[in-house]
Amino acid sequence: MKPEIREILLTSIEENYKGSDLEFDISRTKIKSHGNWSTNVALILAKALKQKPLIIAEKLVNSFAKKEWLEKVEIAGPGFINFFLTEEAQSHFLKNFFNDDLSFFKNEAPKKVLIEYVSSNPTGPIHIGHGRGAAFGSALANLLRFAGDEVIEEYYINDRGLQTDILALSVFLRYQELFKVNVIFPEECYQGEYIKECAFLAKEKFLDKFLDKKNLKIFNHSNPSDLIKEIYTAFPKFNEFVDFCVESQMQKIKTDLSKFQVHHNNWVSEKELYKESTNENFFEKVINTLKNNKFTYFQDEALWFKSKEFNDEKDRVLIRNNQDPTYFASDIAYHKFKFDRDFDQLINIWGADHHGYIPRLNGALEALELDSKKLKTLIIQFVSLIRSGKNVSMSTRKGEFITLNELIDEVGVEATRFFFLARKSDQALEFDIDLAKKEDKNNPVYYIQYAHARICSLEKEAKKRKFIINQDNGLNNLSLITKGDELEIINDIERFQDVLVQCKKDLEIHPLCFYLREVASKFHSYYNSNKFIEEDMNLRDAKFTLVFALKKVFQQGLEILSIDAPEKM
RNA sequence: CUCUCGGUAGCUCAGCUGGAUAGAGCAUCUGCCUUCUAAGCAGAGGGUCGCAGGUUCGAAUCCUGCCCGGGAGGCCA
């Protein structure tokens with residue numbers, strides 16, 4: 001409807017004021033008495049023409065072309081022009097809605113998009129913070145795919161460096177314990193039970209291959225990195241042990257994610273970036289480019305990147321004085337690798353604790369002469385858990401964190417996903433466990449699902465009574481029901497496209513959640529005050545057709561959220 | 001100290017590329033099941049949009065200052 005209204009306006013403006021390319025809004029109204037659509041064009045023109053908006057509005061309206069879909073036009077308030085559509089026009093779009101599968105949404109040229117998300121370190125199970133990013137990333141991928149884009153969901157594995165070594169060390173020590181070796185378990189090591197489980201598996205795989213038979217004094221070090229060095233010396237093949245630990249953690253992570261309806265289709269290993277190819281490894285190549293472009297310098301035996309030249313508050317180290325590359329340096333190489341794969345758009349989904357990294361990473365991309373505007377880094381804020389009205393304290397250090405797996409075991413995948421997605425992602429989220437577990441209208445997930453189930457149940461009941469619903473006949477008889485609430489529902493169904501377009505534009509999911517909740521509410525209300533299995537065939541078909549359109553909205557909306565739309569509850 | 005995100009109903013939050021009377025849900029109160037799912041519906045009360053200025057026809061929304069709260073600022077990741 002919007003393009004049609006715009007056309008009328010533009011013609012009228014052209015006629016009265018000679019066209020000028022000005023920007024104005026055409027929006028749905030919030031209040032019935034304002035009609036269906038409204039524009040502020042007269043208010044905008046008033047500024048440029050230095051005339052009273054009401055006079056401009058009147059002039060415009062007087063030269064509007066007559067349209068059969070336009071019931072009437074009114075001027076209101078300071079100079080808004082309100083459009084009232086005929087009932088036919090309002091219900092007209094329903095006809096397309098059943099046929100064209102939201103083609104409005106797929107019109108733009110499809111893009112190749114890379115979404116990197118979760119990418120948590122394979123040093124332990126994923127916790128609820130990662131879970132939020134996981135839900136968001138997967139829903140965003142669904143949304144973009146729904147719009148016709150080609151989407152790759154990628155997970156970047158930090159499988160080298162200090163944290164990886166500490167993981168291996170932690171498992172290694174627990175492994176020794178399984179052979180009744182007395183060890184001192186340093187504070188810096190990972191404390192969780194999962195380390196012991198991993199050690200158990202390591203013992204099954206390696207037997208006593210990494211047992212300290214020579215009784216090395218490797219456990220007397222207070223510093224874990226020294227300890228690790230000793231172990232590497234004592235066991236030349238220790239890298240096999242490291243790989244096993246990482247692999248084992250990644251397996252668990254993949255299992256948890258998959259249970260949570262999160263399915264990456266590509267994994268990139270940090271370690272691979274350092275692999276020798278012809279004569280140089282990829283990582284070195286990227287760092288050399290930075291060097292050649294004169295954005296690096298040596299100081300204190302370390303290699304620095306001049307990020308200050310890119311609005312970062314200070315320069316950053318790339319290679320430490322012990323020759324170890326920093327996380328940041330690896331990340332530059334990884335992002336270069338992303339750009340090399342020719343995507344139209346790159347999306348990073350990061351935890352809020354990384355937000356300080358954005359300027360320096362963008363700086364590095366520019367230093368590599370890459371178009372940093374292609375990359376959009378979205379920030380996911382923290383999640384805190386509330387149980388019985390009280391904050392559940394979590395501490396990673398003490399191993400007291402709640403894992404994603406524990407949470408979904410307790411409240412279920414559906415509710416967890418919805419609660420993660422229903423809040424604007426860059427805002428901190430308070431996750432109320434008690435609320436998420438409720439199975440009544442307090443819980444928006446059930447409320448929405450129930451709306452869908454009710455429609456299915458109507459369908460079943462109709463079938464039981466041997467009524468066959470004819471959708472085409474329903475569409476032709478919509479005028480029988482476009483008198484009151486129905487018009488509002490039709491309007492809401494039409495709004496589905498606005499919501500999806502907005503979500504895609506802003507890379508947000510929560511508007512969809514709010515929308516579904518709203519539409520469900522409208523449906524329940526309608527359901528309560530109406531009979532559906534009418535004796536009159538035309539009326540029955542019309543009502544069912546309307547309700548089937550709603551069903552389609554629920555199905556598609558929930559599908560984007562990767563939440564079930566059950567037929568029975 | 002610097003950066004960043006917030007402060008909207010008792011609570012949890014939408015709205016923020018300026019628009020008409022600021023919205024939901026929960027909680028509270030009052031009603032509705034002999035009917036195709038009451039896992040539901042109808043109704044009511046509840047607001048200095050943190051404070052103060054500014055920009056203009058018009059500000060919760062934009063700008064400035066201040067107050068309060070979360071988070072981030074490593075040769076950790």
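Reply: Gladly! Let's begin with how elements are named: helices are DSSP runs of H or I with at least four residues, and strands are runs of E with at least two, numbered from the N terminus. Keep in mind that this is a predicted model.

Me: Which residue just after helix 12 takes a positive phi?

Reply: That is Glu369, with a phi of about 60 degrees.

Me: Which residues of helix 12 are buried, and what do they pack against?

Reply: First the general idea: an α-helix has 3.6 residues a turn, so residues three or four places apart point the same way. In helix 12 (residues 357–367), the buried ones are Arg360, Leu361, Gly363, Ala364, Leu365 and Ala367. Their packing partners include helix 10 (282–292), helix 11 (327–340) and strand 11 (345–351).

Me: In what order do the three strands of the open sheet run?

Reply: The order is 14-13-15, with mixed pairing. Strand 14 (390–392) and strand 15 (429–432) are the edges, each pairing on one side only. From one strand to the next, the twist averages 40 degrees. Strands 13 and 14 run antiparallel, joined by three bridges; Arg387 has Lys390 in strand 14 as its bridge partner. Helix 14 (residues 413–421) lies across strands 13 and 15, at about 155 degrees to strand 15.

Technical notes
Residues numbered from 1 in each chain as written. Chains lettered and ligands numbered in written order. Predicted model: local features only at pLDDT ≥ 70, side-chain atom pairs only at ≥ 80, totals over all residues. Heavy atoms only, no water. Pairing = 2+ DSSP bridges. Axes fitted to C-alpha atoms, helices over the stretch in contact; angles between N-to-C directions. Contact = heavy atoms within 4.5 Å. Buried < 20%, exposed > 50% of the residue type's maximum accessible area, 1.4 Å probe, protein only.
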